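Thank you all for coming; I would like to take a few minutes to walk through one structure with you.

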Amino acid sequence: GRAGVEPARAVTPDTRFRIASMSKSRTAAAILRLRDEGRLSREDPVSKHLPEFRKVRPATTDSPPPTLRHLLRMSAGFPQDDPWGDRKLAETDAQLDALVARGLTPASPTGTRWEYSNLGYAVLGRVITRVAREPYQAYITRRILQPLGMTNSVYAWDKVPADRLALGYRWEDERWKAEPMLGDGSWGAMGGLITPLEDFARYAAFHLDAWPPREEADTGPLRRSTRREMHRPWEVISVLQDLQDAAGRPVARVAGYSAGLSWNQDQRGVIWVRHAGGLPGFGSEFRFLPDHGIALIAFANRTYAPMSAANHKAMELLVNE
């Protein structure tokens, strides 16, 4: 319950947390809005918008060139890059462009498997910047955040009043040690957003509002059909038995990935859409249940805090008891 240790500051609904990879669905929403505006296609080769990407060769000669769709659903062939990617938020556009231009080593042929890639979402941020002709942070703020009333959500931590910023910590040597706040740079598209609970609740409600499909005005910054597109699985992650119900009984689920969000359905038929986040100093998760009209949001300022477990326990109590 503390936003800072020394001096001690209590967390309030207006405390701004860095939400790490929970930022990815905003990046995906921006790509899909540009698609809806006719400015790009999900099927565009990445190199169409980033010429530097021409140096990137797929793992096999019979693999198709990576497209924006592959990046969105994390099947472009890049290797899982946690925690390497978690520490690159502050790198410049030029550094990211140079990394891509040197050529990247794929881990698998394009489109053959899901593998979590922060790099892929950093590249999507560069695509937004090139296509929108403004920094991805500005486009997402102007086109997604501000229309939702998320006026206290930013990418640069130094734009947050000091008394409202949650500072990040790690537990080491039997005491809390501060983690350095990473700057805002080219990799923020994969995990850089800073937001208070009050703002994020608006975002979760915006996604819930996409359900059910209906005959009424569609006035949001993203079409209801596009939001539902984000919620449905595009890529299979796995079939897992890694959860328990409120009584401690094992629960199996199938998980898939779409556009900055993970879709899940358990053996009882309960569906939830979620994304977690983790960075040095922070851990977070949110999930919403379209069939039940509820969302759960958890922010923490401890390195890789396991907030998914807390939200799952709460979901079990709300839905299945």
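This is a predicted model: local features need pLDDT of at least 70, side-chain atom pairs count only at pLDDT 80 or more; totals for chains, interfaces and linings use all residues.

Seven of the eight are buried, so H9 is largely enclosed by the rest of the structure. Those buried residues are Arg224, Thr226, Arg227, Arg228, Glu229, Met230 and His231, and what covers them includes helix H1 (24-36) and helix H8 (197-208), together with strands S9 (262-266), S10 (271-279) and S11 (282-289).

Let me stay with H1. Two packed helices are described by the angle between their axes and the distance between the axes. For H1 and H9, the axes come within 11 Å and cross at roughly 135°, and the two helices are therefore oblique to each other. Their crossing is right-handed, and the contact is made by Ser25, Ala28, Ala29, Leu32, Arg35 and Asp36 of H1 with Thr226, Glu229 and Met230 of H9. By class, the residues of this contact divide into four nonpolar, two polar and three charged.

H1 also packs with helix H5, residues 118-132, at an angle of about 40° and with the axes 10 Å apart, which makes H1 oblique to H5. Here the crossing is left-handed. On the H1 side the contact includes Ala28, Ile31 and Leu34, and on the H5 side it includes Tyr121, Leu124 and Ile128. The contact of H1 with H5 has 10 nonpolar, three polar and one charged residues.

Key: Residues are numbered from 1 along each chain as its sequence is written. Side-chain values use heavy atoms; hydrogens and water are left out. Buried means under 20% relative accessible area, exposed over 50%, partly exposed in between (1.4 Å probe, protein chains only). Helices (H or I, at least four residues) and strands (E, at least two) are DSSP runs, numbered from the N terminus. Contact means heavy atoms within 4.5 Å. Axes are lines fitted to C-alpha atoms, for helices over the stretch in contact, and angles run from 0 to 180 degrees between N-to-C directions. Angles under 35 degrees count as roughly parallel, over 145 as roughly antiparallel, 65 to 115 as roughly perpendicular and the rest as oblique. A crossing is left-handed if the near helix is turned anticlockwise from the far one by less than a right angle, and right-handed if clockwise. Ala, Val, Leu, Ile, Met, Phe, Trp, Tyr, Cys and Pro count as nonpolar, Asp, Glu, Lys and Arg as charged, and the others, Gly among them, as polar.
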